[in-house]
Amino acid sequence: MNKWWIVMAVVLAAVAGPARAGETFEYPEGDPAFSLRFPGSWTAEVNDQDALEALSGDETVYLVLWEIEDLDNLEGEMTATAEQLLSDVEFDDADEEITNKYGVKFWLKHGDGIEQESEEAVQFTIAVFGPSEERAFVMLYTIEKENATDESKRQFVNIMESINPVAAEEEEESEESEE
């Protein structure tokens, strides 16, 4: 092997550095209830309605989340969310409940529909979760049916796993500073 290639590989490694890690967000802005982390290829921003929107790098996966005001009607909120952004909504029969590594509980509903803006057939998951007893959020995740992969589904699971209540983060930081 030529020494020039070795030198170039070392220079490129030094310049490129490590792969870009995903960005961590605290949400909502101004009064955060939790943080979450998106994969490095994703873009995310808070829109005009204070909802956090994220899009995968290949633009086949979309996620939006916001705080729920009416904590007494979570199922209604989930249905309204699906019908607001999708048409021809068909929910699967089974609901799912999971708890992530930070103790945040998620209630999930899955289904199929048509994205109103792009008119693409999508699979979707709506998750309602509460990082605290006083606050709840709804998250809609859609993926174009023809582009659904195990990797894109894994990314959604990783995003849910990353949701960490702000109070828990502050407690961890406090414990670390005491040591």
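User: How do β8 and β9 pair, and over how many bridges?
Analyst: In this predicted model, β8 and β9 are paired in the antiparallel sense, and nine bridges connect them. The two strands form a hairpin, with two residues between them.

User: Which residues are bridge partners there?
Analyst: Two examples can be given. V122 has E144 of β9 as its bridge partner, and S132 has R135, also in β9.

User: What other strand pairs with β9 in the antiparallel sense?
Analyst: β5 does, over eight bridges. Within that pairing, L140 in β9 is the bridge partner of V64.

User: Is β9 mostly covered or mostly open?
Analyst: β9 is mostly covered, as ten of its ten residues are buried.

User: Which residues point which way from β9?
Analyst: R135, F137, M139, Y141 and I143 point one way. A136, V138, L140, T142 and E144 point the other way, and the residues of both sets are all buried.

User: Going back to β8, how many bridges join it to β7?
Analyst: Ten bridges join β7 to β8, and the two strands run antiparallel. In this pairing, H110 stands opposite T125 of β8.

User: What about the turn between them?
Analyst: β7 and β8 also form a hairpin, which has five residues between the strands. In that hairpin, E119 takes a positive phi near 60°.

User: Changing topic to helix α2: how does its span compare with what twelve residues should give?
Analyst: Helix α2 covers residues 74–85, and at 1.5 Å a residue its twelve residues should span 16 Å. The C-alpha atoms at its ends are 17 Å apart, which agrees with that expectation.

User: Which of its residues are buried, and where do they sit around the axis?
Analyst: M78, T81 and A82 are buried in α2. Seen down the helix axis, the buried residues fall within an arc of 95°, so they line one face of α2.

User: How many bridges join β1 to β2?
Analyst: Four bridges join β1 to β2, which comprises residues 34–37, and the two strands run antiparallel. E26, for instance, has S35 in β2 as its bridge partner.

User: Is S35 buried or exposed?
Analyst: S35, which lies in strand β2, counts as buried at 4% relative accessibility, because the cut-off for burial is under 20%.

User: How far is S35 from T24?
Analyst: S35 and T24 are eleven residues apart in sequence, and their C-alpha atoms are 6.6 Å apart in space.

User: There is another serine I wanted to check, S56. Where is it found?
Analyst: S56 is found in the loop between β4 (52–55) and β5.

User: Buried or exposed?
Analyst: S56 is buried, with a relative accessible area of 5%.

User: What does S56 touch, and which backbone atom lies 3.3 Å from a polar atom of its side chain?
Analyst: Leaving aside residues up to four places away in sequence, S56 touches S41, W42 and V61. The backbone nitrogen of T60 is the atom that lies 3.3 Å from a polar atom of the S56 side chain.

User: To finish, what does the secondary structure of the whole chain come to?
Analyst: The protein chain has four helices and ten strands. From the N terminus on, the elements run α-β-β-β-β-β-α-β-β-β-β-α-β-α.

User: How much of the chain counts as buried, and what share of contacts joins residues at least 24 apart?
Analyst: Of the 179 residues of the protein chain, 37% count as buried. Among contacts between residues at least 6 apart in sequence, 47% join residues at least 24 apart.

Key. Residues numbered from 1 in each chain as written. Predicted model: local features only at pLDDT ≥ 70, side-chain atom pairs only at ≥ 80, totals over all residues. Heavy atoms only, no water. Pairing = 2+ DSSP bridges. Expected span 1.5 Å × (residues − 1). Buried < 20%, exposed > 50% of the residue type's maximum accessible area, 1.4 Å probe, protein only. Arc of directions from axis to C-beta. Polar contact = N/O pair within 3.5 Å; in protein donor to acceptor, adjacent residues only side chain to side chain. Contact = heavy atoms within 4.5 Å.
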